[in-house]
Amino acid sequence: MRLVEIEEGADRRAGTDADALAITTIRMLAADAVQAAGSGHPGLPMGAAAPAWVLWSRFLRHDPADPEWPDRDRFVLSAGHGSMLLYALLHLFGYDLPRDELRRFRQWGSRTPGHPEHRCPPGVETTTGPLGQGLGNAVGMALAERMLAARANTAEHPVVGHRTWVLAGDGDLMEGVSHEAGSLAGHLGLGRLIVIYDDNDVTIDGPAHQSCTDDVLGRFAAYGWHVQRVADGEDLDALTTAFDAAVAAEDQPSLVAVRTTIGHGAPTVAGTPEAHGAPLGAVELAATRAAFDWPDEPFHVPAEVREHCARLAASGAAARAGWLGVRAAWERAHPELAAVWGGAAAPPADLEKLLPIFEPGSATATRAASGAVLAALAPEFAGLVGGSADLAGSTCTTLPGTKAVTRDDQSGRTVHFGIREHAMGAALNGMALHGGFRPFGSTFLVFSDYLRPAVRLAALMRLPVVYVFTHDSIAVGEDGPTHQPVEHLESLRLIPGLAVLRPGDANETAECWRVALRHDGPVALVLSRQSLPVLEPVRGNAIAAHGARIVRDDGREPDLTLVATGSEVALALDSAAALAVEGRAVRVLSVPWRERFAEALAAGAELLPPCPAVWLEAGVPHGWEALARPGDTVLGLRRFGASAPGRVVCQALGYSVPAVVRAALECLGKETACRTN
């Protein structure tokens with residue numbers, strides 16, 4: 001549905017004086033803001049102002065008075081370095097972004113950061129800047145829209161029917177994630193996804209064609225996309241025709257390649273890399289004003305442009321009001337659908353009662369325990385959706401009793417992301433941003449590197465995404481060092497805001513799922529391939545509150561504490577039993593959530609007795625060394641693994657009961673010597 005109703009008798013495609021004035025306003029706001037900040041990227045906003053204006057004024061369904069209207073169209077500026085394009089549009093259309101914030105572009109505490117940040121200001125749909133991420137997010141948004149439409153819409157009440165629009169540049173399409181995401185979108189036939197490719201043939205180092213001569217249209221056509229080219233990015237008629245055709249292609253995602261001139265209007269730098277990432281400078285900016293016959297007033301917005309944008313915004317408000325009427329009728333006719341939609345992304349209120357309890361004394365891999373948790377939740381948590389990077393059988397992330405999402409039927413709950421870890425991560429972010437679902441994705445821990453940029457952005461935006469990372473240690477064995485994660489746990493823990501949970505047994509796995517689904521940000525669940533002894537169920541809120549629990553205590557003042565995570569908890573327990581034979585009282589702490597444990601220690605929680613401790617994890621030890629006290633011992637790895645049966649690898653690298661007992665006795669010996677001295 002077109003947002004703007006063209007006056008009767010008018011050519012709905014032809015540009016007007018109002019269009020030309022608005023486009024120049026966008027260009028000059030961007031140039032002024034970058035000049036005032038002394039840094040930024042004026043070239044893209046100046047070059048892409050015309051296609052962006054056609055989109056926002058003729059096609060994008062949005063209401064500045066309600067930036068989170070559920071059935072609004074989404075606009076993703078994947079080329080986030082051109083942030084002033086988005087800020088200028090938000091300002092002109094009346095979003096909560098006053099002109100003073102444009103003047104404060106890129107300054108501390110402003111609502112106009114250098115690259116767009118989710119909801120800062122309202123109307124920014126996602127955090128972009130790392131190239132290709134926004135495009136990947138948009139695939140997830142478009143997928144979520146189709147999945148939600150398949151669940152909610154009825155013939156009489158189509159309550160879900162928005163589009164996801166993207167503005168992407170050369171850099172977005174060169175990055176590998178765009179290949180993965182484009183392939184996935186084409187495979188699933190995401191027909192309400194439309195990408196406008198700002199084809200200006202300029203990168204920082206020079207012409208884009210000096211490093212990339214891809215046939216972009218041919219490439220996306222091969223993915224199954226509807227593709228078009230607009231030869232002149234200033235031709236509003238051609239842009240409108242192309243966007244109309246993209247909207248009509250309901251069974252395919254669309255790419256519209258638009259040839260633009262970076263820095264359009266700047267007399268000496270337009271079309272060159274100099275327009276990309278630096279202010280125009282006082283002389284060039286003055287010449288640009290003269291070229292556009294623009295007032296010598298920074299951040300000038302003509303009254304005619306404000307009035308025109310206000311009328312367009314009113315049209316958006318009317319569209320939202322119409323949708324609210326459809327939504328109300330739908331709720332009356334289908335209260336069961338409305339109830340599901342309203343709380344689909346929130347875990348069940350009785351989540352704790354749904355989680356399985358595993359029998360102590362048995363043995364199971366924590367990946368299998370996680371699979372049992374998903375099986376228990378699947379019938380009761382309709383909003384839980386996700387899949388794997390072609391590893392569902394190994395990561396145990398199949399949702400029993402549910403269908404796969406396909407291009408012909410998007411009502412399923414299992415997404416086959418294929419061997420596209422990076423696109424999976426970016427799409428999960430988009431699904432979480434869209435709303436309506438609680439998404440998860442899975443792969444081996446060693447492949448978390450492939451989606452790390454998306455994980456980082458999920459943490460930056462505090463998105464409720466769950467990553468299931470299995471095959472968590474050198475115990476993977478025969479596959480060798482390429483598949484044995486050593487540095488990955490520590491690497492993930494370095495990401496601020498990412499909760500990294502590595503349970504030590506099946507019951508801790510169930511509790512970690514509870515923590516993950518109640519958490520307000522992204523969570524990495526790190527799980528074992530091999531079976532581990534099942535311990536007593538977790539009591540109380542120990543893991544959420546302190547990140548740790550006591551799994552062995554001899555009932556007397558301990559001589560030593562063994563602190564471990566994941567599969568090393570079983571090793572710590574076996575070692576404690578061996579030390580007990582020698583008369584040593586040993587407490588064993590399982591620490592599934594090290595960051596929370598460190599926070600609790602810093603806050604004064606008495607989680608560690610005053611005796612020495614041996615810290616045990618089959619990974620690089622740097623983080624544990626930061627927690628260890630004088631006299632403690634940290635057993636970690638400073639090398640890669642090897643190809644051999646898992647037990648052999650662990651023993652050879654010092655993860656065996658004799659090795660831990662030896663380290664513990666040496667630790668106790670150091671303490672005794674210290675006391676004697």
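Where is the place of Asn 200? Select Asn 200 and you land in the loop between β3 (193-199) and β4 (202-203). Keep in mind throughout that this is a predicted model.

Show its contacts next. Leaving aside neighbours within four places in sequence, Asn 200 touches Asp 170, Thr 260 and Ile 262.

Asn 200 also carries a label from a record: the UniProt annotation "binding site", from an unreviewed entry, covers His 81, Gly 129, Pro 130, Leu 131, Gly 171, Asn 200, His 276 and Phe 447. Select that whole set. The annotated residues span 367 residues in sequence and the farthest two C-alpha atoms are 34.5 Å apart, so they do not all gather at one spot.

From that set, pick Pro 130, in the loop between α4 (99-103) and α5 (133-152). Pro 130 is partly exposed, at 38% relative accessible area.

Time to zoom out and colour by secondary structure: the chain has 25 helices and 20 strands. Its radius of gyration is 28 Å, close to the 26 Å that the globule rule gives for 677 residues, so the chain is as compact as a globular protein of that length. Line up the principal axes and the C-alpha trace spans about 95 × 60 × 45 Å.

Last stop, colour by burial: buried residues make up 59% of the 677 in the chain. Switch to the surface and the chain exposes about 24,900 Å², with carbon and sulfur atoms supplying 53% of it.

Notes. Residues numbered from 1 in each chain as written. Predicted model: local features only at pLDDT ≥ 70, side-chain atom pairs only at ≥ 80, totals over all residues. Heavy atoms only, no water. Helix = DSSP H or I, 4+ residues; strand = E, 2+ residues; numbered from the N terminus. Rg over C-alpha atoms; globule rule 2.2 N^0.38 Å. Buried < 20%, exposed > 50% of the residue type's maximum accessible area, 1.4 Å probe, protein only. Areas by Shrake-Rupley, 256 points an atom, 1.4 Å probe, with all protein chains shown as cover. UniProt positions renumbered as here; feature names shortened; annotations may be inferred. Contact = heavy atoms within 4.5 Å.
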